[in-house]
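Thanks for coming, everyone. Let me put today's structure on the screen.

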Amino acid sequence: TLRYDEQTRTEGRRERTELVAATTDAVEWYHQRLLHASDAGPARSYLRNRGLDGDTVRKFRLGWAPDGWDGLARALSGHGRALEKAGLVFVNRRGRTQDFFRSRVLFPIFDAQGDPVSFGGRVLPGAEGPKYRNTAETPLYHKSRVLYGLNWAKSSIVAADRVIICEGYTDVIGFASCGIDQAVATCGTALTADHVTLLRKFARRFVLAFDPDTAGQAAADRVYTWERTHDIDVSVVDLPGGTDPADAARRDPDALRAAVEGARPFLAYRVARVLDAGDFVSAEGRARVAERALAVIAEHPNELVRDPYVMEVADRCRLDPDRLRQRLARGGFASVGNSDPSGHDDDPFDDAPRPRRVRRPSGVETEALRLAVHRGSELSDLVDATLFDDPLHRDAFIALESSDHDVHVAAERLDPDAAGLLAAVAVEPGDAEPLDVATRLVAEAGRRVLRDLERRARGSDDPLAYSPSITWLKLQLEELEIDPKSILVESSELVRWLSEQDPGRA
């Protein structure tokens, strides 16, 4: 029996207030670091080179996370555990509170009401680590329901009855610099039904400003379903020169503004992508183009919409339109994914509750997560979350660590995919020994880092610069096979070094 009483609501409001307060102070602390700290000089130069001046930095409250272990944690220690619950810090395996972001330009993310809920962190060019790192899901932040920039853009969106949806924080800022104030961005995730429901409160015209490949790969069935069920019109911007909006805004703002005004209906854009990539020299080539174009047209549910595009294909391919109509009526087209001529199959509209498209996790990662569920901190004393290669496993492990290994509390902090994974391992006790699992997990992470070091050495002008690290790592991995206890229990040097390399995101 589920009961939801006034006490529960009061506790939820109190927790939200505490997390918003902690995140608000973090936004200000990081922002002041970017504006005034000497170590933020390279970050300021990077932003200036990207066309972001001081006024833009202040408007969007951009920040800088210094290269220190616990600068934020110490500065905002008065917030206590709220910092951890908000995803701003975590407790590492040595029991030390550590900042989640280090050496990154930070883009604070606000909800539609203007409360800060999370951050996106961008590494400086040439630095180690993944290009972007985002706050994990927290009680305050659910990425499938938050859109970057909506807090600033919502009034303009309502006035124009138009929302422009892009992929990056700098894309939103780029649109704003051109006087286009209706742009929002997804926060490292696909556009979801929750996003569409939220945006429909403000506008019915949705304009997609993804890069050309991504826009061409959009899942047509979802778009047409959303158009029908939410009474929206979806169109696509043909970005000038195939650039992203941020670059287009800097290089040719007039062309970007014209492209937005000239956005084409979703189906028109996708058919044009097929036709523009086609080979019309031979009869066989024209037939192949027509087949691919018909496959795209067939996805639209309205026959009255489909027929003008059939006529267009007939004209371009020099074929009889009645023959094409007959072919369209028979159906049975071979699956062409999203019918994008590039051949990719990424789906920026994937809101179905299924695993993310990531590298297949190894068995030892699942075994490690199972141990973390059933044997508490035994494994945590030996390994670090960054050793996990699969994002789902890594997120689940972090959530367990931050919730005192309470599966139910951890699951509430995770998105559906990671929560489902956690639920699956929770019913399978397993009998592996922590040291054995830790050894295998560390060995896999070490081999990933070793391959990466060797790859970078081969492409470097000074490959010998990598030699000491490669030699040391090889020796450590050999010692790990011979005497794992001395490497993992008596000394944490290898695990600490690997954690600093961030192999889980390499």
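A word on the source. This is a predicted model, in which local features need pLDDT of at least 70, side-chain atom pairs count only at pLDDT 80 or more, and totals for chains, interfaces and linings use all residues. Residues are numbered from 1 along each chain as its sequence is written, and side-chain values use heavy atoms, with hydrogens and water left out.

Overall picture. The protein chain has 24 helices and 12 strands. Helices (H or I, at least four residues) and strands (E, at least two) are DSSP runs, numbered from the N terminus. Of the 506 residues in the protein chain, 51% are buried. Buried means under 20% relative accessible area, exposed means over 50%, and partly exposed is in between, with a 1.4 Å probe and protein chains only. Take contacts in the protein chain between residues at least 6 apart in sequence: 71% of them join residues at least 24 apart. Contact here means heavy atoms within 4.5 Å. The protein chain exposes about 23700 Å², with 48% of that supplied by carbon and sulfur atoms. Those accessible areas come from the Shrake-Rupley method with a 1.4 Å probe; for residues, only the protein chains shown count as cover.

Now the rings. How many aromatic pairs does the structure hold? It holds 13. Rings of Phe, Tyr and Trp (its six-membered ring) pair if their centres lie within 6.5 Å; planes under 30 degrees apart are stacked, over 60 edge-to-face, and the rest tilted. One of the pairs is Y30 with F119, edge-to-face, at 5.5 Å centre to centre and 80 degrees between the planes. Y30 sits in helix α1 (residues 6-36) and F119 in strand β5 (residues 116-123), so this pair ties together parts 89 residues apart in sequence. Y30 is buried, at 1% relative accessibility. F119 is buried too, with a relative accessible area of 1%. Next, F100 and F101: centres 4.9 Å apart, planes at 90 degrees, so edge-to-face. F100 is buried at 10% relative accessibility, and F101 at 0%.

There is also an aromatic cluster. F60, F107, F110, Y132, Y148, W152 and Y169 form it.

Charges over rings come next. The test is NZ of Lys or CZ of Arg within 6 Å of the ring centre and within 35 degrees of the ring normal. R133 lies over the face of F100, 4.2 Å from the ring centre. R102 has its charged end over the ring of W69, 4.0 Å from the centre.

Backbone. Most residues other than glycine have a negative phi. D161 is not a glycine, yet its phi is positive, about 50 degrees. D161 is in the loop between α6 (150-160) and β8 (162-166), and is partly exposed at 30% relative accessible area. R318, also not a glycine, has a positive phi of about 55 degrees. R318 is in the loop between α15 (303-317) and α16 (321-330), and is exposed at 59%.

Last, two helices. In α2 (residues 41-49), G41, A43, Y46 and L47 are buried. G51 follows α2, with a positive phi near 85 degrees.

Which residues of helix α12 (residues 253-261) are buried? L256, A259 and V260. Seen down the axis of α12, they fall within an arc of 100 degrees, so they line one face of the helix. That arc is taken from the directions from the helix axis to the C-beta atoms. The buried residues of α12 pack against β8, α7 (169-177) and α11 (245-251). On the other side of α12, D254 and E261 are exposed.
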